[in-house]
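Morning, everyone. I'd like to walk you through one structure. Please look at the screen.

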Amino acid sequence: MTNPLPTRLADGVMAVNTRGLRKRFGAVEALNELSLQVPEGAVYLLIGPNGAGKSTALRLLLDLVRADAGSASVFGLDVVADGPAVRANVGYVPEHHDWGYGWMRVHQLLAHHAQYFSTWDQAYASRLAERFDVDPNRKVGDLSKGQSRRVHLVMALAHRPPLLLLDEPIDGLDPITRDETLGVLAEHMTDSPTTMLISTHHVDEIETMVDHVGAMRDGTLRAQLPLDELRGGLHRYRADVPDGWSGVPSLNGSVLRRSQGPREVQWTVWGDERAVAEQLTGAGATVREVSPVSLHDATLALLNPKVEAA
Amino acid sequence: MLILIDPADSRPIYVQIMDEVRRGLMVGTLAPDDPLPSVRQLAADLRVNPNTVAQAYRELERDGVVHVKRGQGTFANEVGGNGRQRRAVAREIAARALREAHRHGVGAEELLRAVEAAARKSNGKDDA
Amino acid sequence: MTTIALHQAPDWKGVLRQQIRTTGAAIRIPAVVVGSVVLLFCVLSVVSAARTTAVRSIHYGYSFNPGILAPVFLLGLLMAAAVWQREEPSRRGYHLAMPVPAAQHTGLRVLVGWGWLMVGIAVLWVCIGLTNAAISGIVGGAPPFARPLSRWFWFEPFASATMTYLLVSIAMIAAERPLGWLVGIPAGLVVLLQIPVMMQADGTVRILQWLSNSPFSFGTPFWPVFQHVAGSGRYMIVDWQRSLLATGIWTAIGIAGVWLAAHKHPRGAK
């Protein structure tokens with residue numbers, strides 16, 4: 001099946017641009033011809049099942065992982081050749097917190113971090129630490145997943161980097177802190193112009209922040225497009241169909257998801273809304289409902305491994 | 001006035017914000033020359049992208065619903081004789097009801113009669 | 001091209017200052033432990049010297065052989081372990097994600113740890129010097145080793161600790177389980193060296209014997225042999241030129257190893 005979904009954005013100024021990245025860990029192909037484009041100022045959501053290569057892609061931008069082939073740049077700087085300059089402009093929240101310096105107290109780690117970033121805003125760091133309820137006297141090695149996530153958020157935001165790489169930033173946080181984090185991110189975006197590349201499974205909660213979506217599967221992009229375009233092009237159609245319904249062959253390839261009951265079908269289809277509805281009607285179906293899909297449902301549709309017939 | 005959004009709503013967020021401001025003006029919770037919340041404040045409160053709020057405010061300004069005072073913020077306009085606004089909202093509600101009716105296999109005529117009947121019943125209650 | 005004003009990477013001076021602070025904090029606990037042991041040793045030495053003044057012989061009542069300085073090389077091991085504690089290659093993401101060149105950053109941390117090590121040994125010397133002066137004041141004789149026969153004597157502890165520090169640092173930087181390597185390599189060598197002896201391969205045994213007496217021999221720099229020069233109250237390192245050469249060779253190997261280990265980063269790791 002050819003992929004009907006767009007995987008390239010219109011030309012523009014990109015904060016992150018990768019070209020044909022490949023990375024293999026032993027027998028596992030983590031990245032396969034990955035070409036990410038994150039426009040400057042975007043809030044880009046990277047979705048994909050576990051093991052799709054999302055974390056590897058983010059780590060590669062920090063030169064924590066090096067590609068077997070292809071290249072990647074951040075603000076036009078090569079992530080390998082200009083690694084230090086790239087990292088000076090990135091705030092990173094890692095997925096796993098097993099990160100050395102476990103013997104330090106949190107306040108020591110924050111002071112340590114501050115010295116490495118010329119733009120560190122101490123007053124902001126203190127405010128963030130207070131809002132995230134970070135205990136400065138805890139030992140870094142004893143922090144729970146959620147606590148360490150909050151410390152990393154403080155470290156990532158307090159130097160107001162032009163790019164934030166957030167790997168599951170709200171995973172492991174309680175619902176109240178998750179909500180608080182989104183509020184902090186919204187304020188942060190207003191106060192300091194930031195591009196965000198976020199990888200998360202908590203799609204529902206982050207949906208209202210996002211303006212671009214990339215869907216990864218098996219190390220490659222299945223779709224990459226502005227959220228508006230996704231909303232405009234992806235719809236769910238529910239229709240009554242006559243007995244002995246034989247489908248709409250002309251829609252094959254555009255159907256991302258499908259569920260069927262007796263005399264009724266629901267499709268999630270990529271394509272012009274009116275054209276799709278006309279094709280369904282033309283094939284004898286009575287379209288009862290056309291609705292835009294939530295990002296959550298879009299995720300399920302974009303990442304559906306099954307090939308669906310119309 | 002309170003601006004609330006529903007992420008599950010099929011309207012885009014910026015449209016929801018615009019509708020909320022219009023609604024405030026129509027029901028009177030937003031008076032002319034009242035300030036709207038700042039982009040930063042509203043984005044943080046709603047947990048939405050500040051660009052979305054800015055977009056809603058921009059479009060409201062273009063539609064003449066609000067005006068921007070430099071360095072002071074965004075303020076509601078005197079929406080002279082808001083009959084046009086009311087008609088637009090009524091049309092929107094009707095379209096939504098029609099879609100819902102179609103989903104259930106109910107025709108437009110049938111829906112119209114049902115609306116009239118329901119209105120009579122609710123008016124009768126109000127009178128009582 | 002990008003439209004935003006990019007942030008600058010930090011300057012090395014600030015990073016160096018911070019690493020001095022951070023490494024200082026990292027070695028706090030082992031430093032306190034070692035310091036306490038040394039202090040206790042010095043105090044006990046003075047006390048025992050004071051008790052035996054009646055005997056009026058520093059050689060019977062109190063013996064302060066400079067050989068006690070030989071285990072100082074172990075401080076190098078402690079230091080390397082403290083600098084990289086809980087930071088095996090798979091857990092070094094935080095270090096590597098810093099906005100400085102990774103290999104130089106690793107090298108800087110090794111250097112700072114070495115600086116602290118030298119400071120520590122200098123303090124140790126001062127303690128021993130004071131103890132020495134105190135004892136000679138109490139006993140009234142010549143200080144036990146006030147006048148060594150070669151200047152190399154003063155540097156030997158610094159050199160052997162440096163060497164150990166570098167060699168252990170290689171394992172700490174490069175290996176996921178450094179302890180395994182640190183125990184495994186010497187143990188493996190010992191076992192391996194028994195094979196030619198058991199097989200009575202005379203030629204090989206002769207080569208090994210020559211090697212163990214050569215400057216490459218580990219024993220030479222780590223455990224210099226001190227000799228009391230009879231009647232003078234002085235000590236000397238037997239064959240100090242050879243000790244110096246061996247230390248130089250092993251230090252050079254250590255530096256090269258650290259350089260290689262710092263440039264080999266766990267970039268393929270998941």
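Which residues have the most contacts inside the largest nonpolar core? They are A:Val154 and B:Val21, and that core has 132 residues. Before going on, some ground rules. This is a predicted model, where local features need pLDDT of at least 70 and side-chain atom pairs count only at pLDDT 80 or more, while totals for chains, interfaces and linings use all residues. Residues are numbered from 1 along each chain as its sequence is written, and chains are lettered from A and ligands numbered from 1 in the order in which they are written.

Now the terms. A nonpolar core is a set of buried Ala, Val, Leu, Ile, Met, Phe, Trp, Tyr and Cys residues joined through C-beta atoms within 7 Å. Buried means 20 or more other C-beta atoms within 10 Å of a residue's own, with C-beta atoms placed from the backbone. Contact means that the C-beta atoms of two residues, placed from the backbone, lie within 7 Å.

Back to B:Val21. Leaving aside neighbours within four places in sequence, B:Val21 is in contact with B:Ile3, B:Leu30, B:Leu36, B:Leu60, B:Val65 and B:Val66.

Helices are DSSP runs of H or I, at least four residues, and strands are runs of E, at least two, numbered from the N terminus. Why is H3(C) called largely enclosed by the rest of the structure? Because 9 of its 11 residues are buried. Among them are C:Phe73, C:Leu75, C:Leu78 and C:Val83.

Next, chain A. There are 10 helices and 15 strands in this chain. Its C-alpha atoms fill a box of roughly 70 × 40 × 35 Å along the principal axes. Of its 310 residues, 50% are buried.

Now, who touches chain A? Chain C first. That contact takes 31 residues from chain C and 33 from chain A. On the chain C side, H1(C) gives the most, with 6 residues. By class, that side has 15 nonpolar, 10 polar and 6 charged residues. Here Ala, Val, Leu, Ile, Met, Phe, Trp, Tyr, Cys and Pro count as nonpolar, Asp, Glu, Lys and Arg as charged, and the others, Gly among them, as polar.

Then chain B. Here the contact takes 17 residues from chain B and 18 from chain A. H2(B) gives the most to the chain B side, with 5 residues. Thanks, everyone.

Definitions and conventions: A residue is buried if 20 or more other C-beta atoms lie within 10 Å of its own, exposed if 12 or fewer, and partly exposed in between; C-beta atoms are placed from the backbone.
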